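Here is a quick walk through one protein model. Have the sequence and the coordinates open as you read.

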Amino acid sequence: MTTAAQPTPPLPRFAAIGMVVSDMAASLAFYRRLGLAVPAGADTAPHAEAQLPGGLRLMWDSYATARAVDPDWTPPQAGSPTGLAFECDGPAGVDALYAELTAAGYTGEKPPWDAFWGQRYAVVQDPDGHGVDLFAPLPR
């Protein structure tokens, strides 16, 4: 007696990146400066999302939301290895955006430099200490 093969369930699709933030309005203001379209009323919401190119979403949840899901949740240490990277319009764009963000009071983690892998690179921290990489290819 033979049995019919069981259908293989579909694989999950990577759809979103989530971050838990201490100050929703401050976090969203930072990411709006990087060009993300975050809904205007999201600053006081417990959850916010922005659609990214390619169909991914970036999502933010407040500390209160994280604790509602898991009462034992505690915030990660600042400077944790989670980070996002934004491609700038050329090497000068990296320098300009780093200067704009640090002038606005955001912490510069690593000033712009020409990386050995062929990109102009810099790192600035968002309001929760997540490293945000700014990069652009160097001319060849």
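A pocket here is an open set of grid points with protein on both sides within 12 Å along at least five of seven lines, and a lining residue has an atom within 4 Å of one of those points. Keep that in mind for the last section.

Confidence is highest in helix α1 (residues 24–33), at 96, and lowest in strand β4 (residues 83–87), at a mean of 86. As a rule, where pLDDT is low, the predicted coordinates should not be read in detail.

## The three-stranded sheet

Let's start with the sheet that holds β1. It is an open sheet of 3 strands, ordered β1-β3-β2, and the pairing is mixed. β1 (16–21) and β2 (47–51) are the edge strands, each pairing on one side only. From one strand to the next, the twist averages 20°.

How do β1 and β3 run relative to each other, parallel or antiparallel? They are parallel, with 6 bridges joining β1 to β3 (residues 57–62). To find the pairing on screen, look for A16, which stands opposite R57 in β3. Helix α1 lies across β1, β2 and β3, and runs at about 160° to β3.

## The four-stranded sheet

The other sheet to look at is also open and mixed in its pairing, with 4 strands in the order β4-β7-β6-β5. β4 and β5 (108–114) each have a single partner strand, so one side of each is left without a neighbour in the sheet. Ignoring direction, neighbouring strands here are turned by 15° against each other on average.

β5 and β6 (residues 119–125) run antiparallel and are joined by 4 bridges. Within this pairing, D114 has R120 in β6 as its bridge partner. Helix α3 (residues 91–103) packs on the sheet, where it touches β5, β6 and β7 (131–137), and its direction makes about 15° with that of β6.

## The largest pocket

The largest pocket has a volume of about 190 Å³. Its lining includes I17, then G35, L36 and A37, then Q51, L52 and P53, along with L56 and L58, and finally L84, A85 and F86.

Which strand gives the largest share of that lining? That would be β4, with 3 residues.

Methods:
Residues are numbered from 1 along each chain as its sequence is written. This is a predicted model: local features need pLDDT of at least 70, side-chain atom pairs count only at pLDDT 80 or more; totals for chains, interfaces and linings use all residues. Side-chain values use heavy atoms; hydrogens and water are left out. pLDDT is the predictor's confidence in each residue, from 0 to 100. Helices (H or I, at least four residues) and strands (E, at least two) are DSSP runs, numbered from the N terminus. Two strands pair if DSSP finds at least two bridges between them. Axes are lines fitted to C-alpha atoms, for helices over the stretch in contact, and angles run from 0 to 180 degrees between N-to-C directions. Contact means heavy atoms within 4.5 Å. On a 1 Å grid over the protein atoms alone, a cavity is a set of points where a 1.4 Å probe fits but cannot get out, and a pocket is an open set with protein on both sides within 12 Å along at least five of seven lines; lining residues have an atom within 4 Å of a point. Grid points are joined across faces, edges and corners, and a volume is the space filled by probe spheres set on the points.
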